[in-house]
Amino acid sequence: MSSKLSKDFYTIDAVALAKNILGKILVRKFEDGTTLKFKITEVEAYCGEDDLACHASKGRTKRTEIMYHEGGKVYVYLIYGMYWMLNVVSGKENEPQAVLIRGLENISGPGRVGKALKLDRSFYGEDLLQSERIWIEKTLDSAENLKINTSTRIGIEYSGDIWSKKPWRFYL
């Protein structure tokens, strides 16, 4: 029996998904058969075209196209020419939202997450429901056992006070 999360888990808004995805298990299966599992410990929500910190604020582009799909897809992008950022698309079709995975158990920082998972461009658009190389699983831990902390998102001052001060960063 698969313990992958269902489509319904991902088709909610990014803030709700960000809170719900904490404590879940990110699984990465490599070509050599090695499988690693990590608890998701830190995330940030990015909420559509109105959110000036969200890539979708620039509209539908080749880069953001996957964000306009129904939740449950992977959105990866490269920063500084060397770090692949892992995002989980959320919400309904044509409502671009995503959750940035900022930290995993014993891995802090989104650049380190991408490096540890050996992400690259080929993950863009990967379906977390069907993929055999990356997915998210349920956990036996009860949501009531998690102490979720909230703060503002990191490194988005360019988006202005309204958006940079949204308490959309969540961590354990």
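**Close-up views of a predicted model**

**View 1. Asn 106 in the loop between S5 and strand S6 (107-108).** With a relative accessibility of 81%, Asn 106 counts as exposed, where exposed stands for over 50% relative accessible area, buried for under 20% and partly exposed for the range in between (1.4 Å probe, protein chains only). The model is predicted, so that local features need pLDDT of at least 70 and side-chain atom pairs count only at pLDDT 80 or more, while totals for chains, interfaces and linings use all residues. Residues are numbered from 1 along each chain as its sequence is written, and side-chain values use heavy atoms, with hydrogens and water left out. Asn 106 is not a glycine, yet its phi is positive, near 70°. Most residues other than glycine have a negative phi. Strands, here and below, are DSSP runs of E with at least two residues, and helices are runs of H or I with at least four, numbered from the N terminus.

**View 2. Asn 94 in the loop between strand S4 (83-90) and strand S5 (97-104).** Although Asn 94 is not a glycine, its phi is positive, at about 70°. Its relative accessibility of 45% makes Asn 94 partly exposed.

**View 3. Glu 44 in strand S2 (residues 35-47).** Glu 44 counts as buried because its relative accessibility is 0%. Its side chain is joined to that of Tyr 46 by a polar contact of 2.5 Å, the term denoting a pair of N or O atoms within 3.5 Å of which, within protein, one must be able to donate a hydrogen and the other to accept it, residues adjacent in sequence counting only if both atoms are side-chain atoms. Beyond its neighbours within four places in sequence, Glu 44 is in contact (heavy atoms within 4.5 Å) with residues including Arg 102, Arg 153, Trp 168 and Arg 169.

**View 4. Cys 47 and Cys 54, whose sulfurs are too far apart for a bond.** The sulfur of Cys 47 has its closest cysteine sulfur in Cys 54, at 7.3 Å, and the structure holds zero disulfides, a disulfide being a pair of cysteine sulfur atoms within 2.5 Å. Cys 54 is buried, with a relative accessible area of 2%.

**View 5. The largest nonpolar core, of 34 residues.** Such a core is a set of buried Ala, Val, Leu, Ile, Met, Phe, Trp, Tyr and Cys residues joined through side-chain atoms within 4.5 Å. Among the members that touch the most others are Ile 21, Ile 40 and Ile 136. Elements giving two or more residues to this core include helix H1 (7-10), helix H2 (14-21) and strand S7 (134-137).
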